[in-house]
Amino acid sequence: MSPHSSPRSAERPPAPEPLPISVVDNHTHVDIERDGVDMGAGEGVHGVIAEARAVGVDRLVQIGCDLESARHTASVVDRHPEVLGGVALHPNEVPALAEAGQLEAALEEIDQLLRGERIRVVGETGLDHFRTGPEGRGVQAESFRWHIAKAKELGKALQIHDRDAHDDVLRILAEEGAPDRTVMHCFSGDITMARECVERGYMLSFAGTVTFKNARELRDALAVVPLENLLVETDAPYLTPHPHRGAPNAPYLVPLTVRTMASTLNVSVPELCTAISQNSERVYGPWA
């Protein structure tokens, strides 16, 4: 979940040209509204799914990263076969829970929710040095280590939130031993980090940020990632792709990001769509 500071507009962008082969939005938050705008155009999760399917985004991974949204995620995935789920305590939630003496109980509930068959992801977890100051980083790192261990124990994929903490995220993953299926959600590193992640076998998931005009370094990083290591996401309702930056995001806008990725990689859109779809099933398992 990655709030940003670009100018905001409550107007919903029009649907883009559909993709030729269906893909997965591998990180979205269907429970969150932005600026009073429902991602499903007033129809809730059903609307989100229908709009996304109409443009070739036929599967979603819904992420719940506090207790309320984690509970909601567990409910959504049981009611919608197009949706798989992930639950965790977001790194920015952890210090406040610890200060209130509620962290242990919260982790126990996350542990129970992770047992659901359609909860395939531990995440998003990780480190955030942008919104959490030095006083909260110790407990944040402890929580990250807990989530890594839980992903390995349960055989789930791990989705990582990394904001201004690249070196520490990579260090802790090396120290703990990353799960076999580790996803760098909303990848924001440079070429050197991208190559390191690929060498370690991680998946790199790119969001609408890669379409931003000022994101040349991020596109340079994308350019060195093999197709077999790529995923795509919205992180909706945030990070809306160009030319709609600042408007509420939703899974139906994934095609804009996919086409920018294909252009950057110098591959055809169908080739990239096929890779994303296959990679998603390899990481998360079948939706049906």
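The following legends describe close-up views of a predicted model.

Local features are given where pLDDT is at least 70 and side-chain atom pairs where pLDDT is 80 or more, whereas totals for chains, interfaces and linings use all residues. Residues are numbered from 1 along each chain as its sequence is written, and side-chain values use heavy atoms, with hydrogens and water left out.

Figure 1. Helix α6 spans residues 166-176, and its buried residues are Val169, Leu170, Ile172 and Leu173. These residues cover an arc of only 165° around the axis, and therefore lie on the same side of α6; the arc is that of the directions from the helix axis to the C-beta atoms. Asp167 and Ala174, on the other side of α6, are exposed. Here, buried means under 20% relative accessible area, exposed over 50%, and partly exposed in between (1.4 Å probe, protein chains only). Helices (H or I, at least four residues) and strands (E, at least two) are DSSP runs, numbered from the N terminus. The buried residues of α6 pack against β4 (119-128), α5 (134-154), β5 (157-163), β6 (182-184) and α7 (191-200). Contact is defined as heavy atoms within 4.5 Å. Just after α6, Gly177 adopts a positive phi of about 85°.

Figure 2. Two strands are taken to pair if DSSP finds at least two bridges between them. Within this pairing, Thr28 stands opposite Gln62 of β2.

**Figure 3. The surroundings of Ser205.** Ser205 belongs to strand β7 (residues 203-206). Ser205 counts as buried because its relative accessibility is 0%. The side chain of Ser205 makes a polar contact of 2.7 Å with that of Asn26. A polar contact is a pair of N or O atoms within 3.5 Å; within protein, one must be able to donate a hydrogen and the other to accept it, and residues adjacent in sequence count only if both atoms are side-chain atoms. When neighbours within four places in sequence are set aside, the residues in contact with Ser205 are Asn26, Val183, Met184, His185, Cys186, Phe187, Leu231, Val232 and Glu233.

**Figure 4. The salt bridge between Glu17 and Arg259.** The structure holds 17 salt bridges, each defined as a side-chain nitrogen of Lys or Arg within 4 Å of a carboxyl oxygen of Asp or Glu. One of them joins the side chains of Glu17 and Arg259, at 3.9 Å from N to O. This pair links distant parts of the chain, with Glu17 in the segment before β1 and Arg259 in helix α9 (residues 254-265), 242 residues apart. Glu17 is exposed, at 57% relative accessibility, whereas Arg259 is partly exposed, at 26%.

**Figure 5. Salt bridges of Asp111.** The side chain of Asp111 forms a salt bridge with that of Arg115 (2.7 Å, N to O). Asp111 also forms a salt bridge with Lys150, the closest N and O atoms being 3.2 Å apart. Because Lys150 lies in helix α5 and Asp111 in helix α4 (residues 103-113), the pair ties together parts that are 39 residues apart in sequence. Both Lys150 and Asp111 are buried, the relative accessible area of Asp111 being 13%. Arg115, by contrast, is partly exposed, at 43% relative accessibility.

**Figure 6. A network of salt bridges.** The residues linked in this network are Arg145, Asp168, Arg171, Glu175 and Glu176.

**Figure 7. The cis peptide bond between Gly123 and Glu124.** Gly123 and Glu124 are joined by a cis peptide bond, with omega about 15°. Glu124 is located in strand β4.

Figure 8. Pro243 lies in the loop between β8 (230-232) and α9, and a cis peptide bond with omega of about 10° joins His242 to Pro243. Asp235 is placed in the loop between β8 and α9. Although Asp235 is not a glycine, its phi is positive, at about 55°. Asp235 is buried, with a relative accessible area of 0%. Leu239 is also found in the loop between β8 and α9. The phi of Leu239 is near 55°, again a positive value in a residue other than glycine. Leu239 is buried, with a relative accessible area of 4%.
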